[in-house]
Amino acid sequence: MAANLKSVTALCTVLTVVILLFRGGAAAVEDETEFHGDYSKLSGIIIPGFASTQLRAWSMLDCPYTPLDFNPLDLVWLDTTKLLSAVNCWFKCMVLDPYNQTDHPECKSRPDSGLSAITELDPGYITGPLSTVWKEWLKWCVEFGIEANAIVAVPYDWRLSPTKLEERDLYFHKLKLTFETALKLRGGPSIVFAHSMGNNVFRYFLEWLRLEIAPKHYLEWLDQHIHAYFAVGAPLLGSVEAIKSTLSGVTFGLPVSEGTARLLSNSFASSLWLMPFSKNCQGDNTFWTHFSGGAAKKDKRVYHCTDEEYQSNYSGWPTNIINIEIPSTNSRDAYPSVTEAVQANMTTMECGLPTLLSFTARELADGSLFKAIKDYDPDSKRMLHQLKKLYHDDPVMNPLTPWERPPIKNVFCIYGAHLKTEVGYYFAPSGKPYPDNWIITDIIYETEGSLVSRSGTVVDGNAGPITGDETVPYHSLSWCKNWLGPKVNITMAPQPEHDGSDVHVELNVEHEHGSDIIANMTKAPRVKYITFYEDSESITGKRTAVWELDKTNHRNIVRSPVLMRELWLQMWHDIQPGAKSKFVTKAKRGPLRDADCYWDYGKACCAWQEYCEYRYSFGDVHLGQSCRLRNTSANMLLHKGPFLALHFSKHSILIALYFATHLPSHAKVFFCDFIFSLMSVC
């Protein structure tokens, strides 16, 4: 009896020590500064990309010849079952009026809300994994102990232009309230994760906010509410796929015709939001126009371009983006809509032969293409209307202008590279009625060091040593390198776990604004690397980094375990008060999760023995599944992840384990269970 009493007393003493150390460690972190080091106060704001938010019906639509009708809250985007069985009804629920962006008279859809709206677009045993977007991202958050209220999704109707998002849904007002609510709820600023077109949405929000609050409080609001911005796969200068979708349609693998896809795409004003544009042309500064009263004296020109625009080829892009054949006649009167710029582009032709017109990014953004084909394509008039009303005359900003670095403390620009990517198209009349009246006759791809056509022929142009991510060309993705300062630190490391032997570093590499910066380092064959370009000195108190991930697809980058690992490590580095460097070291990368452990068949054991061990669990079907992280040491607890040991200091865990060794065996079991349950709650 006395022995049991001693055991209970000793156990209570240890638990008291652990709890006091736990609270003391948290208080110590909190006392150091207002925010630095306490990432439990941070929130994550996720802004999804184009077609990455579920849309649900807000109507009752009876679909003939099928038992599948549309009722309120039924899934529209994406429900492949109804798409296959009731395509006409599905089309009505998706399409918008191209002029005023209103819904179809018989059916309307609205974006879903919450995290479930962005995890899987079409949940199901088969369709779920095929339509996964942010699901893996959220799994990482759960595995590393992030609380449910710390991650906030801000879905939006990705069919709308920015002005319509605010006009119909008050989206940017709601987004501002989301940041303010997160600050009030958790006590700290937010980290913004935006993918693809979500970056365009966030950029517009920053400009909208500049007009919404007092100018002297603008930067103060940003510093208070946003700690870091991770721009993932941002089409900073647009994407050529947008114009391809406008002229011929892109199905995204759905069981619909390209003509149907084109009808839908051209009814969405957001399609033009991704239009390619020139880095050398700027629109009017709307911010100063609002305060100078100069709106009435506005220059009639849509863009103000530098001399470089007219001296360089292809507006700085690799090649002309659109080359299109149109029927020709003897008289120019047959082309009343062709502008002087287009007429100068027309070559001498014989009667009856088609004329090949070529268009640069600037001529796409200012509408020259649509004016040139206005007499041959019924969609051109609608596209010109959208382009002028919703983009060129936007009251906040012209979104089709080059980005400047956002005025946020920490900016990380992340994208995939070194994949074959489309950069130009050849179109010709197909002889079919609208919407199938254009056909792609050839496609120009960027490959490393050259441009090639679909047939493999080398094409003249501005080929670079790096290519895009299969969707967005490198020229657009890498524009954020202009946000780096004159001195840049470059590190190239393997993407998989590594011991640091293949890490290459170049410090203080000179970088001229407006020019590209490329890592001149030797890569091992068949090894994927991630290249870091980092600058923490050019702007006082601000950090800028660019991450290039080899062979990482645009649509799959948010599911990349390498990207998520680097994100966690960077944030874990930031909470260390004694960190000597501004960025996390790349010297070594070990496993962080069970999924990172694998079986080494050459050594007949689990790889990374320092971190992993063989531990079979019921249901494992191969050796690799049975390789798991070692979870029996204090060291493993400290290195499990940035948020798992958030409020536990190293000393508190070691002291607790020291006391635990003096407990009787039956008390040790209870104590260990308590420690692990406490850690999981943290």
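This is a predicted model: local features need pLDDT of at least 70, side-chain atom pairs count only at pLDDT 80 or more; totals for chains, interfaces and linings use all residues.
Local features are given where pLDDT is at least 70, side-chain atom pairs count only at pLDDT 80 or more, and totals for chains, interfaces and linings use all residues. Residues are numbered from 1 along each chain as its sequence is written, and side-chain values use heavy atoms, with hydrogens and water left out.

The protein has 682 residues, of which 54% count as buried (under 20% relative accessible area; exposed means over 50%, partly exposed in between, with a 1.4 Å probe and protein chains only). Its secondary structure comes to 23 helices and 24 strands, taken as DSSP runs numbered from the N terminus (H or I of at least four residues for helices, E of at least two for strands). A contact means heavy atoms within 4.5 Å. Among contacts between residues at least 6 apart in sequence, 69% join residues at least 24 apart.

Strand 17 (residues 487-494) has 6 of its 8 residues buried, so the rest of the structure largely encloses this strand. Two strands pair if DSSP finds at least two bridges between them. Strand 17 pairs in the antiparallel sense with strand 18 (residues 504-510) over 5 bridges, and Met492 stands opposite His504 of strand 18. Strand 17 also pairs in the antiparallel sense with strand 19 (residues 529-535), here over 6 bridges; Asn489 stands opposite Glu534 in strand 19.

A nonpolar core is a set of buried Ala, Val, Leu, Ile, Met, Phe, Trp, Tyr and Cys residues joined through side-chain atoms within 4.5 Å. The largest core has 158 residues, and Ile322 and Trp547 touch the most other members. Helix 9 (residues 197-212) gives this core its largest share, 8 residues. Apart from neighbours within four places in sequence, Ile322 is in contact with several residues, including Ile243, Leu247, Leu357, Phe359 and Phe427. A second, separate core of 9 residues includes Cys606, Ala607, Trp608 and Leu629.

Side chains of opposite charge can pair when their charged atoms come close. A salt bridge is a side-chain nitrogen of Lys or Arg within 4 Å of a carboxyl oxygen of Asp or Glu, and by this rule there are 35 salt bridges. One of them joins Asp112 and Arg56 at 2.8 Å, N to O. Asp112 lies in the loop between strand 4 (109-111) and helix 4 (116-119) and Arg56 in strand 2 (residues 55-57), so this pair ties together parts that are 56 residues apart in sequence. Asp112 is buried at 17% relative accessibility, whereas Arg56 is partly exposed at 24%.

Asp377 and Arg262 form another salt bridge, at 2.7 Å, N to O. Asp377 sits in the loop between helix 17 (368-372) and helix 18 (379-392), while Arg262 is in helix 12 (residues 258-267), 115 residues apart. Asp377 is buried at 2% relative accessibility, and Arg262 is buried at 0%. Elsewhere, salt bridges that share partners join Asp103, Arg110, Asp157, Arg159, Arg168 and Asp169 into one network. Within this group, Asp103 and Arg159 meet at 3.9 Å, N to O, and both are buried.
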